[in-house]
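Please read it with the sequence and the model side by side.

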Amino acid sequence: LNGHFFNHSWGNIDFLGKDGDRVKAGDMVAKFKFYGKDQLPHIQSRIKRSRAESERIAVGLDDTLGRLLTQQKKAVLRTEAARLDTLKEGAISARQLRVYELVHTMAKFENDAIEARIAAHRDAMEAQEARDRLLIAHADAQLALFDVYKKRFDILAPHDGVVRHQRHPWRRR
């Protein structure tokens, strides 16, 4: 679309109602050749491409979210296992207890980091969904604009009446 309708100052008439025909309001009186009709397949292709790309990206984002949630479950289990190791205080040496405490601290840090990544990924998913909605709406608007331009080439009767062709005697037409 994007202005490729070739609106010329001249036009070819595809249809012209006969002089003396009775018409009702909204009937077609004349129709000019619409030069932009070859753009319709491109617009429809753009709509399909936008929707397909949106679905493809959404599947990829969902897959990534699933992997992050699996990592989070594993991190929760590691954190809980490390916490349980720190409860062995009287049965192990102070040095080994310190190692378990450090492992527990690292596991909590990893768990918190994965939670932050999940939150950031969900924000990115929302932003991507909003972007995709706008792209699809823009593509749909292009189709609506195509219809508006196409209607400009149809001359409809404003009210009931009779078709009369104007004759210009000097130009003999």
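1. Leaving aside its neighbours within four places in sequence, His 121 touches Leu 61, Thr 64, Leu 65 and Leu 68; contact here means heavy atoms within 4.5 Å. His 121 sits in helix α2, residues 94-151. Its relative accessibility is 12%, so His 121 counts as buried. The classes are buried for under 20% relative accessible area, exposed for over 50%, and partly exposed in between, with a 1.4 Å probe and protein chains only.

2. A word on the basis of these values. This is a predicted model, in which local features need pLDDT of at least 70 and side-chain atom pairs count only at pLDDT 80 or more, while totals for chains, interfaces and linings use all residues. Residues are numbered from 1 along each chain as its sequence is written, and side-chain values use heavy atoms, with hydrogens and water left out.

3. The chain contains two helices and five strands. These are DSSP runs numbered from the N terminus: helices are H or I with at least four residues, strands are E with at least two. In sequence order the pattern is β-β-β-α-α-β-β. The radius of gyration is 34 Å, well over the 16 Å that the globule rule gives for 173 residues, so the chain is more spread out than a compact globule. That radius is taken over C-alpha atoms, and the rule is 2.2 Å times the number of residues to the power 0.38. Along its principal axes the C-alpha trace spans about 115 × 30 × 20 Å.

4. Of the 173 residues, 24% count as buried. Among contacts between residues at least 6 apart in sequence, 80% join residues at least 24 apart.

5. Which strand does β1 join through three bridges? The partner is β3, and the two run antiparallel. Strands pair if DSSP finds at least two bridges between them. Ile 13, in β1 (residues 13-16), has Phe 32 in β3 as its bridge partner. Apart from neighbours within four places in sequence, Ile 13 is in contact with Lys 31 and Phe 32. Ile 13 is partly exposed, at 48% relative accessible area.

6. Three bridges also join β3 to β4 (residues 154-156), again in an antiparallel arrangement. Here Ala 30 stands opposite Ile 155. The C-alpha atoms of Ile 13 and Asp 154 are separated by 10.0 Å, although the two residues are 141 apart along the chain.

7. Phe 15, Met 28 and Leu 156 make a nonpolar surface patch of about 260 Å². Such a patch takes residues with over 30% relative accessible area and no salt bridge, with nonpolar side chains (Val, Leu, Ile, Met, Phe, Trp, Tyr) joined within 5 Å and like charges within 9 Å. Areas come from the Shrake-Rupley method with a 1.4 Å probe; for residues, only the protein chains shown count as cover. Met 28 belongs to β3 (residues 28-32) and is partly exposed at 32%.

8. The structure holds eight salt bridges, each a side-chain nitrogen of Lys or Arg within 4 Å of a carboxyl oxygen of Asp or Glu. One of them links Glu 101 to Arg 98, with the closest N and O atoms 3.6 Å apart. These two residues are three apart in helix α2, so about one helical turn separates them. Another links Arg 131 to Asp 132 at 3.4 Å between the closest N and O atoms. Arg 131 is partly exposed at 41%, whereas Asp 132 is buried at 7%.
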